[in-house]
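This briefing is meant for a reader who is meeting the structure for the first time.

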Amino acid sequence: MPHSPAVEVRGLVKRYDGRAVVDGLDLSAAAGRVTAVLGPNGAGKTTTVECCEGLRAPDGGTVRVLGLDPVADGAALRPVIGVMLQDSGLPTGVRAREMLDHVARMYAAPLDTDALADRLGLGAFARTTVRRLSGGQRQRLALAVAVVGRPRVVFLDEPSAGMDPQSRLAVWELVRELRDGGAAVILTTHLMEEAEDLADHVVVVDHGRVLAQGSVPELLAAGAEPQGAATLAVHAAGDVDPVGLREHLGAGFAVERRSGSTLAVTGAVDPATVAAVTAWCAAHDVLVTRLDLGRRTLEDVFLDLTGRSLR
Ligand SMILES: Nc1ncnc2c1ncn2[C@@H]1O[C@H](COP(=O)(O)OP(=O)(O)OP(=O)(O)O)[C@@H](O)[C@H]1O
């Protein structure tokens, strides 16, 4: 029998003030898989996820979670889904640990709250009210609350936003365990590293539509450089002028700014190109701190698909 997806979204439309912020979006997420939804600010990720959670009613299309309609069948779904909202959504006057224990009591077979609190480091702020938690602490509590009921489907909206590196690693480990335990995990993120590390399936959305989807290797392969071309990332200690370097390298090379001090040189990069780049940098008193050849990242694919301008 074919395996039906845990979450299936077909032709989803959601309008605000007559404007479609989700505009015919298709998405499916399987059990035992992490599905990452990526997209620029305002792309429609949260709106899509909130339609799956039953928090918003679609204006068009269908959403099914474990075969049920999240709005009409909300009561049946609530015990088997876990939700971590972007703004945590937790009541602010309750102490952190009391909140977790209270939610745990609502489920038939919750996780051991001592162990969960321990691994997410909640002990340090167990008696602090939600209102007084730092952003990262609140995120950790919201994640614990989302998973304590052993959900079959977990929605995590930017789960590691604002977290320190230690917390992020703990979150990633927990997400992998949920997946390995058979849950369908759907997460939104702006962290390409998070998607590369965790996701079995990546869905890139913009303007409320899916631009591309697949595994990370599939997306990287689909956006590969033309035959013979490669990208050399030039990381420098200070600002680098892409126009000057492009003129120095001549026709056949494109030079783009990736961030203030990183340039991407694309073309038929050979040893002479690398020498020309470092010679130009030396002549302009630019200290090169790192050179990376070739490895296209998910961020490259994302920027190619969604453009480089701010929204
Ligand atoms: N309740 C609302 N009323 C009106 N507009 C809304 C409402 N909720 C969301 N929007 C608009 O819908 C669009 C999509 O928002 P959404 O939160 O889904 O984007 P997102 O991809 O999650 O963005 P981000 O990465 O910034 O979290 C935005 O332009 C937003 O302003």
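Two strands are said to pair if DSSP finds at least two bridges between them, and the helices (H or I, at least four residues) and strands (E, at least two) are themselves DSSP runs, numbered from the N terminus. This is a predicted model, in which local features need pLDDT of at least 70 and side-chain atom pairs count only at pLDDT 80 or more, while totals for chains, interfaces and linings use all residues. Residues are numbered from 1 along each chain as its sequence is written. The protein chain holds eleven helices and 13 strands, and its C-alpha atoms fill a box of roughly 65 × 45 × 40 Å, taken along the principal axes.

**Overall make-up**

- Of the 311 residues in the protein chain, 37% are buried, where buried means that 20 or more other C-beta atoms lie within 10 Å of the residue's own, exposed means 12 or fewer, and partly exposed lies in between, with C-beta atoms placed from the backbone.
- Among the contacts in the protein chain with a separation of 6 or more, 69% join residues 24 or more positions apart, a contact being two residues whose C-beta atoms, placed from the backbone, lie within 7 Å.

**The hairpin of β1 and β2**

- Strand β1 (residues 7-16) and strand β2 (residues 19-29) pair in the antiparallel sense over eight bridges, and V9 has L27 in β2 as its bridge partner.
- Two residues lie between β1 and β2 in this hairpin, and D17 in the turn has a positive phi of about 50°.

**The open sheet**

- Six strands form an open sheet in the order β5-β6-β7-β3-β8-β9, with mixed pairing.
- The edges are held by β5 (81-84) and β9, each with a single partner strand, so one side of each is left without a neighbour in the sheet.
- From one strand to the next the twist averages 15°, with axes taken as lines fitted to C-alpha atoms, for helices over the stretch in contact, and angles running from 0 to 180 degrees between N-to-C directions.
- Helix α6 (residues 165-180) lies across β3, β6 and β7 (184-188), and runs at about 145° to β7.

**Strand β8 and its neighbours**

- Six of the six residues of strand β8 (residues 201-206) are buried; H201, V203 and V205 point one way, while V202, V204 and D206 point the other way.
- Strand β3 (residues 34-38) pairs with β8 in the parallel sense over four bridges, whereas β8 and strand β9 (residues 209-214) pair in the antiparallel sense over five bridges.
- V202 in β8 stands opposite A36, and its bridge partner in β9 is G214.
- H207 lies in the loop between β8 and β9 and has a positive phi near 50°, although this residue is not a glycine; with 17 C-beta neighbours inside 10 Å, H207 counts as partly exposed.

**The surroundings of the ligand**

- Around the ligand are Y16, V21, G39, N41, G42, A43, G44, K45, T46 and T47, a residue being near a molecule or strand if its C-beta atom, placed from the backbone, lies within 6 Å of it.
- Helix α1 (residues 45-52) supplies the largest share of this shell, three residues.
- By class, the shell has three nonpolar, six polar and one charged residues, where Ala, Val, Leu, Ile, Met, Phe, Trp, Tyr, Cys and Pro count as nonpolar, Asp, Glu, Lys and Arg as charged, and the others, Gly among them, as polar.

**Nonpolar cores**

- The largest nonpolar core has 66 residues, and those with the most contacts inside it are L141, A144 and V185; such a core is a set of buried Ala, Val, Leu, Ile, Met, Phe, Trp, Tyr and Cys residues joined through C-beta atoms within 7 Å.
- Helix α5 (residues 135-147) gives the most to this core, with seven residues.
- Apart from this core lies another, of eleven residues, among them L245, L263, V265 and V277.

- In helix α11 (residues 298-306) the buried residues are L298, D300, V301 and F302, and what covers them includes β3, α7 (192-198), β8 and α8 (216-222).
- In the loop between α10 (271-283) and β13 (288-293) sits D285, which counts as exposed with 7 C-beta neighbours inside 10 Å.
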